[in-house]
Amino acid sequence: MRGKFITLEGIDGAGKSTHLPWIAEWLQAQGHTVVVTREPGGTPLGEMLRDLLLAQPMHCETETLLMFAARREHIDKVILPAMGKGHWVVSDRFTDATFAYQGGGRGIPSSKLEALEDWVQQGLQPDLTLLFDVPWEVSQARLALSAVHDRFEAENQAFFERVRNAYLQRARAFPQRIRVVDASRPIAAIRETVAAILGELE
C-alpha cells in the first residue's frame, strides 16, 4: 500500500522545525512508519547542494536549478522508495517553497518553474501540505533569537512579503492540498489544528 507524502511550508521563522518532530510522533502514534526529511537536502548530494544554496551568492536561475537538482535526488533516493514501502514521508519544504522563494521572492517566471516541476516530479505531488503562516514581524522576532542566519533568512522585509504572498496564492490555487495554519498562535492551539487536519488524511 502506497504511503503518504506530507510537506511543511512557510517563511523562515514560521515554526516548521518546531512542529515537525511533533507531527512525526503523532503519525507514529497512529501506527505509521514515518520518514522525516528536508529540502534542500535529504540525500548526501542534496545536503552538499544545501550548503552551497544557503551560503554562496549565485544567480537566481542557478539557485532555482540547484533546488530542482537536489529535489530530483530526493525523490529518487528517499521519497518514492519510502512511499513504495508504505511509509509516510514528512518533508520540511518541497516544491511550493520554490514557487514562493524563487518565484515570488526572486521573480523567476512561473512558466519556468512549472516546466521544471513537470520534468523533475513526473506528476508527484504531496498528499497534504501544511502552510505555517505568520506575518513578517513574527518571523523576524523568532529569527532574532538565532545568532547565525543563512542568506535566505538575511533577506529584507519586501522579499519575505513577496514569499508569503506567493505561498498564500498557492494555497488559494490548491485548497484541497494546501491547508493554511495560523502559526502566530500558541503552540498548543497550533498542534490542535494540525492534529485535526492530519486526522482527515487517515
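**View A. Helices α4 and α7 pack at an angle of about 135°, with their axes 8 Å apart.** Axes here are lines fitted to C-alpha atoms, for helices over the stretch in contact, and angles run from 0 to 180 degrees between N-to-C directions. That angle makes α4 oblique to α7; under 35 degrees would count as roughly parallel, over 145 as roughly antiparallel, 65 to 115 as roughly perpendicular, and the rest is oblique. The crossing of the two helices is right-handed, a term for a near helix turned clockwise from the far one by less than a right angle. From α4, Asp 96, Ala 97, Phe 99, Ala 100, Tyr 101, Gly 104 and Gly 105 meet Phe 159, Phe 160, Arg 162, Val 163, Ala 166, Tyr 167 and Arg 170 of α7; contact means heavy atoms within 4.5 Å. Helices (H or I, at least four residues) and strands (E, at least two) are DSSP runs, numbered from the N terminus.

A word on the model before we go on: it is predicted, so local features need pLDDT of at least 70 and side-chain atom pairs count only at pLDDT 80 or more, while totals for chains, interfaces and linings use all residues. Residues are numbered from 1 along each chain as its sequence is written, and side-chain values use heavy atoms, with hydrogens and water left out.

**View B. Helix α4 is largely enclosed by the rest of the structure, because 10 of its 11 residues are buried.** Buried means under 20% relative accessible area, exposed over 50%, and partly exposed in between (1.4 Å probe, protein chains only). Among the buried residues are Thr 95, Phe 99, Tyr 101 and Gln 102. The buried residues of α4 pack against β1, α3 (60–84), α5 (110–121), β4, α7 and β5. After α4 comes Gly 107, with a positive phi near 90°.

**View C. Glu 9 sits in strand β1 and is buried, at a relative accessible area of 0%.** Its side chain makes a polar contact with the side chain of Tyr 167, at 2.6 Å. A polar contact is a pair of N or O atoms within 3.5 Å; within protein, one must be able to donate a hydrogen and the other to accept it, and residues adjacent in sequence count only if both atoms are side-chain atoms. Look also for the backbone nitrogen of Phe 94, which lies 2.8 Å from a polar atom of the Glu 9 side chain. Beyond four places in sequence, the contacts of Glu 9 include Lys 16, Arg 93, Asp 96 and Phe 132.

**View D. The largest nonpolar core has 40 residues.** Such a core is a set of buried Ala, Val, Leu, Ile, Met, Phe, Trp, Tyr and Cys residues joined through side-chain atoms within 4.5 Å. Ile 6, Ile 23, Leu 27, Tyr 101, Leu 130 and Phe 132 have the most contacts inside this core. Its largest share, 7 residues, comes from α7. A second, separate core of 14 residues includes Met 83, Ile 108, Leu 113 and Val 120.

View E. Most residues other than glycine have a negative phi, and most peptide bonds are trans. The peptide bond from Glu 39 to Pro 40 is cis, with omega near -15°, and Pro 40 belongs to the loop between β2 (34–38) and α2 (44–55). Arg 93, in the loop between β3 and α4, has a positive phi near 80° and is buried at 12% relative accessibility. Gln 122, in the loop between α5 and β4, has a positive phi near 50° and is exposed, with a relative accessible area of 60%.
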